[in-house]
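Me: I would like to learn how to read helix packing and salt bridges in a structure. Could we go through an example together, step by step?

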Amino acid sequence: MLPDDGGFEMGAYRNRIVQTPFLDALAKESLIFNNAYASVSSCSPSRASILTGMPEHQNGQYGLHNGVHNFNSLPKVHSISSMLGKAGIRTGLIGKKHVGPDETYKFDYERTEEQYPINQVGRNITQIKLFVREFLQQTKSSSNGSFFLMVSFHDPHRCGHVTPQYGSFCERWGSGEEGMGLIPDWHPIYYVWDEIDLPYYVPDTQPARYDLAAQYTTISRLDQGVGLVLKELRDAGLEDDTLVVYTSDNGPPMPAARTNLYDPGMAEPMFIRSPEKGVRRNEVTYSMTSHLDLVPTILEWFNLTHPQPTTLTGRSLLPLLFQEPSNQPDDAVFASQSFHEITMTYPMRAIRTKRYKLIHNLNYQLPFPIDQDFYVSPTFQDILNRTLANQPVPWYKTLRTYYHRPEWELYDLKMDPTESRNLFGKSSMKDTFRQLSERLQKWLAINKLQTLLKTRRVVIIHKLVRLSKLFTAKASTSSDPRAKKKAENYVAILTNIKSLSPAKLLEKVIQYQPAKNGQSADPPSIEQRSIARFMEDEKLVRHLKSLEGQFGKGEKSKLLEVLKKKSKIKKSVNKQKKKERIAKRLAKEEKKQQNTGKQNDASNNKKTLKRKLDNDGTDVVQQTRIASYDSYESDDGSEPRSIKLNESDQSDEEEQFDQRSSLSVSISESDPDNASDEDSDANALESRENYVLVAKPKKAIHQESKPIISEPELPDNQSLPAKKKVVNYKAPEDDDEEDGVELLTDSFFITETGERTGRWAELYNAQQSK
């Protein structure tokens, strides 16, 4: 479940004013994350990062998807919906989608702003309830009861810039006021503006307080919508099989929050409720967590692997549900932002540890851009008017410092949690800045180097294939020995390049040293000649030289340490996953044999599988179900305590490595825009045993697929309205409509005048009359 511009406005995060009984109840059944962060503070980029597990500068969704902004993810990017769909898991999206292209973010079931008005699918919690019911009933009727459903609320996003008649946050829409329509399942809660506790980043003015009171009212709609969704899950009998995650895409639309990489913009609420036994409930984790961790978490829940696992920069959060890792003060999350709206070019990069945050403003020469819906808000207009009139603004910043920012911002969050005192340039912070900037550059630099290598590799392979065919043909039609020799050389170089994995290629390129004239009488080897072809790319060479200045050259490069650690991770993970597959086969076979009463056969099969394990060079599995808790290590480098394996199964050289520790970077071993077909084939999606998949009903329900009967009840000869495109509808982030009115051209519950129209309304009114 994903709200739109939601923050910590709930009792679970110690807001004593706003009333959120359903969110608070969910928190009591979940693990509560106190250090969860978005990887970008903008709607479409954040949603794309959540769905792909890749930061915005890697997946290509640099800004808003809708309207004139028209940003889309790069080709060949893998989203969680596409990966799960290929594994036979039913996927659904209800509410705000706001990402593209459609072929990348395709869901089996979609009820979004692309088919209906955004308020109807994102704020009308009665209709959201009916859509959830429809999806779950269709899923239970399908052959595979496993599903992934994303309920993407539009609350508490602003709407005053498009439909001011509904209020700043659409808090009047569906409230039952005259002309506003009625959402039957919503019971609005109103707040007294002068009794609200303001967060530190909101100015203490009357317009800002009115603004926040309106936002809190829409929070009540969001909270009650969460309760309705969870009730539908419970009524469908799927609560005990389903992993539930709640978080937000970015911070609230307030100053220093959304579109900023300060904590109000990138710090997010997060709950994870697991149906498994022994998990932590109503507990808090302080582990540094990123939205980039959600895709690895979901894939592990379904026992699937990513087709290109090295493109992921996150780690699974499932181990945290059982045990808090050892203290990791240097653990970090990263953030990357380029746009919001198409006119808001202000790229920022950030690294945040538990103690420090470093922000690099690449476009610091220009003023910080303000997005349109926040610019016209009462809060920001009051800041502008007070500043122009030379009146004091009761705010922790000034408008000048907010607009004009330095290139580097360094904050000690322990001593300065409001990020008010920039410590960049202080002699006492010199070492801290150097360490953080190096880690940030590593996170960004290797991604770019991998992209350049992938692009160059494709060009080289095409050229070598063409040349090898040309000279092979010449050698077969003539007796020229030189043609035969060239053909053999081209084939040898081609074979060598294809044999190098992306990680190995990166290592060879970093270590490469060109031979000087007259230095050696021996001809260069095939490997040297292969790498030399990569060094003919001027752009690649320039980037390598810039890295050499920061991290060293050749064998002394610090980047090689990172690659070695990455290799250890991969070996350890692969070995553990192999054990899990065999252990689960054991468990499945034993269960099958027990059901048929063939205990002797089950014992024989178990012995056979154990012998297979021994023949593969590993020890015998000691248990039948092993959780894949391979993401964390303790401070002393010992094995994660959550994994019950023989100590001899793990060698010292295959120790676990935290991918966000001080030596860590995210290595993208494939550029999604240029990935070759052979790489895609080699990294095909691995689907394992299905018996542990989420939300699989305990008893299959066999019935014919038919239209859902929902409130209001449909006659036998009528079915759910067909999915259709709303031609003239614009989402709230789009340009303003004429006269500032949002046109609900396909309204099936509430119109702009508050009347219920259409077949849905007729049926609803008939039901009410009964």
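Predicted model: local features only at pLDDT ≥ 70, side-chain atom pairs only at ≥ 80, totals over all residues.

Me: Which residues of H6 and H7 meet?

Reply: From H6 come Ile125, Ile128, Lys129, Val132, Arg133 and Leu136, which meet Arg221, Gln224, Gly225, Leu228, Val229, Glu232 and Leu233 in H7. Sorted by kind, the residues of this contact are seven nonpolar, two polar and four charged.

Me: How should I think about salt bridges, and how many are there?

Reply: Side chains of opposite charge can pair when their charged atoms come close. Here the count comes to 36 salt bridges. In one of them, Lys231 pairs with Asp235, with the closest N and O atoms 2.8 Å apart; because these residues lie four apart in helix H7, about one helical turn separates them.

Me: Where in the chain do the partners Asp249 and Arg47 lie?

Reply: The side chains of Asp249 and Arg47 meet in a salt bridge at 3.3 Å, N to O. Asp249 sits in the loop between strand S6 (244-247) and helix H8 (263-266), whereas Arg47 belongs to helix H2 (residues 43-52), 202 residues apart.

Me: Are Asp249 and Arg47 buried or exposed?

Reply: Asp249 is buried, at a relative accessible area of 0%, and Arg47, at 1%, counts as buried too.

How values were computed:
Residues numbered from 1 in each chain as written. Heavy atoms only, no water. Contact = heavy atoms within 4.5 Å. Helix = DSSP H or I, 4+ residues; strand = E, 2+ residues; numbered from the N terminus. Nonpolar A, V, L, I, M, F, W, Y, C, P; charged D, E, K, R; others polar. Salt bridge = Lys/Arg side-chain N within 4 Å of Asp/Glu carboxyl O. Buried < 20%, exposed > 50% of the residue type's maximum accessible area, 1.4 Å probe, protein only.
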